[in-house]
Amino acid sequence: MADIDFPSLPSPVGGQFSEGFLETKVQDQGEVGSPRQRNRFTRGLARFSFQMLLTGAQRSALAAFYDVTLVRGVNRFNWTHPTTAVVYEAIMPSRPSIKHMTADLWTADVEIEEV
């Protein structure tokens with residue numbers, strides 16, 4: 001497991017949480033014959049996307065976590081699934097997309113990939 005933990009932030013907004021798996025196979029066309037396929041990984045890796053409602057302070061904490069703690073997404077961290085409580089070692093493949101809603105309310109779209 002990683003040495004860094006995901007910050008304590010609100011749970012994902014209901015209906016705005018999705019999970020899937022990264023593509024595990026690669027395919028190439030040989031010079032002759034049918035295309036070849038092989039596994040890229042020895043296991044399926046999970047991908048999670050969700051949206052959170054944040055206050056201004058929580059928005060700043062999420063931005064600092066990505067920019068400073070994760071060094072703009074380079075470092076790995078531990079993330080706990082909000083419903084199953086399974087802990088994943090993960091990365092953020094891109095910076096969270098943060099939008100201002102009203103007064104002190106923000107939305108953040110977050111993507112997390114298991115490593």
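Arg 72 sits in the loop between H1 and S5, and helices (H or I, at least four residues) and strands (E, at least two) here are DSSP runs, numbered from the N terminus. Arg 72 has a positive phi of about 55° although it is not a glycine. This is a predicted model, in which local features need pLDDT of at least 70, side-chain atom pairs count only at pLDDT 80 or more, and totals for chains, interfaces and linings use all residues. Residues are numbered from 1 along each chain as its sequence is written, and side-chain values use heavy atoms, with hydrogens and water left out.

**Backbone turns to look for**

- Most residues other than glycine have a negative phi.
- Arg 72 is exposed, with a relative accessible area of 57%; buried means under 20% relative accessible area, exposed over 50%, and partly exposed in between (1.4 Å probe, protein chains only).
- Ala 103 also has a positive phi, of about 25°, and is not a glycine.
- You can find Ala 103 in the loop between S7 and S8, where this residue counts as exposed at 69% relative accessibility.

**Salt bridges**

- Side chains of opposite charge can pair when their charged atoms come close.
- The count comes to 5 salt bridges, a salt bridge being a side-chain nitrogen of Lys or Arg within 4 Å of a carboxyl oxygen of Asp or Glu.
- One of them joins the side chains of Arg 47 and Glu 113, at 2.8 Å from N to O.
- Arg 47 lies in strand S4 and Glu 113 in strand S8, so this pair ties together parts that are 66 residues apart in sequence.
- Arg 47 is partly exposed, with a relative accessible area of 34%, whereas Glu 113 is buried, with 12%.
- Asp 67 forms a salt bridge with Arg 95, and their closest N and O atoms are 2.6 Å apart.
- Because Asp 67 belongs to helix H1 (residues 56-69) and Arg 95 to the loop between strand S6 (87-91) and strand S7 (97-102), the pair ties together parts that are 28 residues apart in sequence.
- Asp 67 counts as partly exposed at 26% relative accessibility, and Arg 95 counts as partly exposed at 40%.
- Glu 89 forms a salt bridge with Arg 76, with 3.8 Å between the closest N and O atoms.
- That pair links distant parts of the chain, with Glu 89 in strand S6 and Arg 76 in the loop between H1 and S5, 13 residues apart.
- Arg 76 counts as partly exposed, at 44% relative accessibility.

**The largest pocket**

- About 190 Å³ of space lies in the largest pocket; on a 1 Å grid over the protein atoms alone, probed at 1.4 Å, a pocket is an open set of points with protein on both sides within 12 Å along at least five of seven lines, and lining residues have an atom within 4 Å of a point.
- The volume is the space filled by probe spheres set on the points, which are joined across faces, edges and corners.
- The lining has 13 residues, of which Phe 6, Pro 7, Leu 9, Trp 79 and Thr 80 lie nearest the centre of the pocket.
- Strand S4 (46-54) and strand S5 (77-80) each supply at least two residues of this lining, and S5 gives the most, with 3 residues.
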